Protein chains: 2
Amino acid sequence: MIAEILCVGTELLMGQVLNTNAQYIARRLAAQGVSIYHQQVVGDNEQRLEEAYRLALSRADVVITSGGLGPTVDDITKRTAAKVLGKELVLNEEAYRMVCERFQQYHRKMTLNNQSQAMFTADTQILPNPNGTAPGAIVPAGEGKVIIHLPGPPHELEPMFHDQVEPWIQARSGHVLVSRYIRIFGMGESEVDMRLKDMEVRDNPTLSPYCSLGEVILRATARAEDAQTAAAMLEPVISEIRSRLGRVIYDVRTDDGGSLAETAVHTLRDKGWTIATAESLTGGLIASTMVEVPGASNVVKGGWVTYQTVSKTMLLGVPEETIARCNVVSEEVACAMAKSAREQLDVDIAVSATGLAGPDGGTPERPVGTVFLGIATRERVYAVPLHLSGNRARIRTLTVKHALHAVTREIKGEMEG
Amino acid sequence: MIAEILCVGTELLMGQVLNTNAQYIARRLAAQGVSIYHQQVVGDNEQRLEEAYRLALSRADVVITSGGLGPTVDDITKRTAAKVLGKELVLNEEAYRMVCERFQQYHRKMTLNNQSQAMFTADTQILPNPNGTAPGAIVPAGEGKVIIHLPGPPHELEPMFHDQVEPWIQARSGHVLVSRYIRIFGMGESEVDMRLKDMEVRDNPTLSPYCSLGEVILRATARAEDAQTAAAMLEPVISEIRSRLGRVIYDVRTDDGGSLAETAVHTLRDKGWTIATAESLTGGLIASTMVEVPGASNVVKGGWVTYQTVSKTMLLGVPEETIARCNVVSEEVACAMAKSAREQLDVDIAVSATGLAGPDGGTPERPVGTVFLGIATRERVYAVPLHLSGNRARIRTLTVKHALHAVTREIKGEMEG
């Protein structure tokens, strides 16, 4: 099966909106084993959209559109598809009922225009939209091909794709694909590649790595007649990867979510521990990244942002003498920050960070990117030195990731300290 | 001038990487008055790239590619363009010198492959790349058309586009476009539209709004023979917009950067004030958003993350009795948090936030999205109630933006308190 992604909207074409839909659809299609060779973006222009449809239908089995399902005259996605297919749009009663229900739910008044959101070709399969007014659609396009219309807003498109389009793809393909996502921190992509090279060329299960700021995510996908068989095929692959990569794997999941923060919060929760933070260069980002995870309120007790040097003394009691003797970016200060944070809030573990995010302030002895994490538990206090590279934003983000990883490893007893 | 964006890379096609380059290029082209009707994405496949070039050259004057300038066999962007144009790639001495210099600078060893990064058609104009090894290029494509090759990494592509491609476009178009970016917080897009409707239909200067999470950004662009004339044309437009929108405008800039955090940090700096934060639902995000701004170290003294209720008492001395009587999400607690933060760190202003980010915890009296900001200065302490909607992430982000805006307005004397 070959799919093509066709995003419709002048706001995408002109760059007013970032095209996250194309990435979402592409990534999910790839996980389903569907081939993608082209993505197109066109504006709300009937002639150019018509050409885009003809081109896409000439080279793909499934054309997936996003956007242009609204009630205004600019919303031409369905109308133009019908024109290309030589069909008429008629009011679909089922879709009309869905649109009306949604308007009632939102306490909004329907205008005559909104009826257009329920207009489809007679042979269309409607995709209900629980998160917005515009239903999606699967429209037969001749020769076994289809056009799938999805709404533009990501919070409408993503659940519709996941809950309705993916099962349709699986049913059509006659086999099932099951994936596992192996999340890795602390090993570069080239090192991962080198260790798994022979596994990455296999046909089934497939193994494909991708990177995101300091992390590598491996997707392992098995193809089989049913989900149980596929899942069973993945087990030895995951075990083999675990034995080759070891502790840099921090999570293995059935979905492509997850993060170091989620793992840290869940590890704390499972152990029944509370945590405090004491942050300098990260300025509160370690704490706020954990707070993003639902359930963080049970484990994140509180913390300090001690950005200016004087606040490390005022709030955390780091002796001025230590700062003067060892430098504010030092193991000693990181340890003192973490120790004080743990004691003041009476938590099980505290993590601190002090370092140079740049662009200024580096010296030959302490270049930009020099960072010390402090870890304090009821048993011990120690520092973790980091030597990071990149710009200010990257150094701060990597510091947060290292801090969350260090917390997880300390709780799991993996840190030598 | 009509431009088309052609992004090359299997990692983009498969959704492993988000296509921020297409948005950047599109937005900058739109600001230069260049028309864009199509964007394409293709993988590292010679035949499909060849077809994409032919299609783009059939309908655009300028085809801008991103990606595929590296030294590996997968990097086919230049080679395939040359094939489509019926030309040969030859070693460009100037480009070769640049590549060598970059390798020396990065202390990396050049391999024979890297020579391919200096191979161009004989009539190519080289675009130096100060941020990476691969130079860009402007390649004549017949009939006055060109293909412009840009490197894939955004931190290489963006400065190359801004510093080299934009002046080239201006020189070629025979006129100059000058833009101003008006940043607005606290008024919705439809309200902005309504107030400026008559101005948005004008031809020169043009006015176009775009949205980003709770903010509206207006771009005003004037076209003239020289920059001074264009800038002068913008002045009355900006004045008119100021008089129609008033204090919701928080910044007017010559570039499309800027943020509420930058304005807050600069306003603090200009006034010579220091700030402290006391954060509950935002968990450190107000502080860390300010810390992102270069120069924040002079104004952001420090702060607290008091996520669990008990930490508000332990760290900020908020009386248990007040919390029990008024609720932890209340004006009184927000004020007490801000007052304590200001006093403990002896700063000029402190901002606090307490609220319900959801998804759980809402009540009929205090639904999810109920947030109170606290503002404390040496003169006064008051709370700002917010009623936000959306999911957890959106409520937290909007809280940060409101907090930064409240700080700026308090310093400027615009808050009634």
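# Briefing on a predicted two-chain model

In this predicted model, 47 residues of chain A are in contact with 47 residues of chain B, where contact means that the C-beta atoms of two residues, placed from the backbone, lie within 7 Å. Local features are described where pLDDT is at least 70 and side-chain atom pairs count only at pLDDT 80 or more, while totals for chains, interfaces and linings use all residues. Residues are numbered from 1 along each chain as its sequence is written, and chains are lettered from A, with ligands numbered from 1, in the order in which they are written.

**Where the chains meet**

- The side of chain A that touches chain B draws at least two residues from each of helix 2, strand 2 (35-42), helix 10 (285-291), strand 14 (300-305) and helix 11 (309-316) of chain A; helices (H or I, at least four residues) and strands (E, at least two) are DSSP runs, numbered from the N terminus.
- By class, this side of chain A has 23 nonpolar, 20 polar and 4 charged residues, where Ala, Val, Leu, Ile, Met, Phe, Trp, Tyr, Cys and Pro count as nonpolar, Asp, Glu, Lys and Arg as charged, and the others, Gly among them, as polar.
- Strand 14 of chain A is joined by 3 bridges to strand 14 (residues 300-305) of chain B, and the two run antiparallel; strands are said to pair if DSSP finds at least two bridges between them.
- Within strand 14 of chain B, Gly303(B) is the residue that stands opposite Val305(A).

**Helix 2 of chain A**

- Helix 2 of chain A (residues 20-31) has 12 residues and reaches 17 Å from its first C-alpha to its last, close to the expected 16 Å, a span taken as 1.5 Å times one less than the number of residues.
- This helix is mostly covered, with 9 of its 12 residues buried, among them Asn21(A), Tyr24(A), Ile25(A) and Leu29(A); a residue is buried if 20 or more other C-beta atoms lie within 10 Å of its own, exposed if 12 or fewer, and partly exposed in between, with C-beta atoms placed from the backbone.
- Just after helix 2 of chain A comes Gly33(A), which takes a positive phi of about 75°.

**A sheet in chain B**

- Chain B holds an open sheet of 4 strands in the order 10-11-9-12, with antiparallel pairing.
- Its edges are strand 10 (206-212) and strand 12 (249-253) of chain B, each of which pairs on one side only.
- Strand 10 of chain B pairs with strand 11 (residues 215-224) of chain B in the antiparallel sense over 7 bridges, and Leu207(B) stands opposite Ala220(B) in strand 11.

**Backbone features in the loops**

- Most residues other than glycine have a negative phi, and most peptide bonds are trans.
- The peptide bond from Asn204(A) to Pro205(A) is cis, with omega near 0°, and Pro205(A) is found in the loop between helix 7 (189-200) and strand 10 (206-212) of chain A.
- In chain B, the bond from Gly358(B) to Pro359(B) is also cis, with omega near 5°, and Pro359(B) is found in the loop between strand 15 (349-355) and strand 16 (370-377).
- Although not a glycine, Asn327(A) has a positive phi of about 90°; this residue lies between helix 12 (320-326) and helix 13 (331-345) of chain A and is partly exposed, with 17 other C-beta atoms within 10 Å.
- Asp346(A), likewise not a glycine, has a positive phi of about 50°; the loop that holds Asp346(A) runs between helix 13 and strand 15 (349-355) of chain A, and Asp346(A) is exposed, with 12 other C-beta atoms within 10 Å.
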